[in-house]
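Good morning, and thank you for coming.

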Amino acid sequence: MSDPLNIPSRKEVLSDYQSSGQDFVAVYPIHYHRALLRAHDLMPVELWGPSQYSTTSADAHLQAYTCSVVRCGLSFALDGGLEKARAIIVPHSCDSLQGLGSVFLDFIQPKTPVLTLYVPRGRREMDVEFFARELMALDKSLAKITGKRPSEKMLHSFIDNEQKADSAMEAVLNNRIRIPMSNRQFYELMRTRQYVAAEKFEKLARDTLESMQQDNRTDCSHKLVISGLVPEPAELLSVMDDAGLTVVWDDTACIGRRIYPETDDADPYVRMARSILGAPPDSALGSSVEARLAHLLDLTRNKQAQGVVFWSVKFCEPELFYLPQLSRGLELAGIRTLLLEVDISEPASAQVQTRLEAFAESLT
Ligand code: SF4
């Protein structure tokens with residue numbers, strides 16, 4: 001399948017930012033609001049790895065059972081990969097990321113400012129109010145770096161752009177089965193949301209929707225939902241392509257769980273907070289097992305998926321905690337499940353590839 005969209009790579013986009021003098025901020029997973037950074041004229045570039053990056057530099061600073069997302073991310077920073085960033089943001093998404101924030105602030109103390117953000121684990125009105133205050137505090141910290149104080153009007157305008165980009169992403173996912181792209185290409189497109197401007201992503205998504213077929217693709221023998229953190233190593237997407245598996249919905253923390261609902265609060269900080277806390281059920285937002293299971297059952301039924309692949313990162317405790325009950329609930333409903341546990345610092349093992357191929361065969 002061809003790539004008529006000319007999907008820009010992270011490297012190309014970063015190189016464009018640097019040659020044009022555009023400041024950018026490195027953001028670790030998972031939840032934050034891009035509009036806040038854009039209002040400070042900072043481009044967010046997310047760091048979910050990098051995948052297959054040596055963790056040697058980080059290993060001395062972290063416990064052996066820290067996940068590879070954090071180990072690769074810290075190594076990349078220690079090797080000088082973030083020196084050109086204007087700031088580094090570490091949301092407190094899990095204990096490992098909270099630890100990463102402490103390693104930066106208490107031990108490494110890089111020249112680049114490091115800012116943290118506590119994301120509540122509940123969705124009550126008091127959580128929204130708390131998170132709004134966290135976002136306001138982050139705004140003040142960014143102001144010390146950029147010298148800017150964005151007006152409420154400006155914040156609302158950037159929030160509008162992000163909402164349009166999220167709605168375009170949802171439309172692309174909803175029409176996945178009519179889009180003539182391999183899983184690998186499809187994920188390259190979806191993951192540009194992690195480093196291009198919302199306006200640019202919205203255009204890519206709209207162009208994709210214009211190119212879709214009138215009817216469902218005929219080359220999808222089995223439909224899958226992917227759940228987990230991040231679809232790395234990406235070669236596994238090609239294994240799925242070769243095995244005739246098509247991902248019809250994404251429930252990963254880096255994509256589907258960050259399609260935030262539209263909000264219209266007059267206060268832009270409350271509006272951003274309510275939007276993030278209105279995200280689909282997510283371990284990082286403290287959702288119950290029941291809420292996550294109901295969500296996955298709805299997705300598989302609506303998309304007529306035969307299976308769910310839990311694409312899990314080794315030592316990712318927040319996700320692993322849910323998996324036994326989620327798998328049992330789905331299997332009881334007739335949905336096949338597969339747990340793939342990967343270390344993103346390494347290529348996909350032959351064993352993981354074989355398990356994926358065997359899973360595809362079991363769906364026939
Ligand atoms: S993979 Fe899991 S443990 Fe690691 S940073 Fe992400 S949520 Fe935290």
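Helices (H or I, at least four residues) and strands (E, at least two) are DSSP runs, numbered from the N terminus. Please note that this is a predicted model: local features need pLDDT of at least 70, side-chain atom pairs count only at pLDDT 80 or more, and totals for chains, interfaces and linings use all residues. Residues are numbered from 1 along each chain as its sequence is written.

A residue is near a molecule if its C-beta atom, placed from the backbone, lies within 6 Å of it. There are 14 residues around the ligand, and those that come nearest are Cys67, Cys94, Ser96, Val313 and Cys316. Two or more residues of the shell come from each of α4 (68–78), α5 (95–108) and α13 (317–320). Which element gives the most to this shell? That is α13, with three residues.

I turn now to the sheet. Strands of a sheet pair through backbone hydrogen bonds, either parallel or antiparallel. Here, four strands form an open sheet in the order β2-β1-β3-β4, with parallel pairing; two strands pair if DSSP finds at least two bridges between them. Because β2 (43–46) and β4 (114–118) stand at the edges with a single partner strand each, one side of each is left without a neighbour in the sheet.

Within the sheet, β1 (residues 24–27) and β3 (residues 87–92) run parallel and are joined by three bridges. Alanine 26 stands opposite isoleucine 88 in β3. Thank you for your attention.
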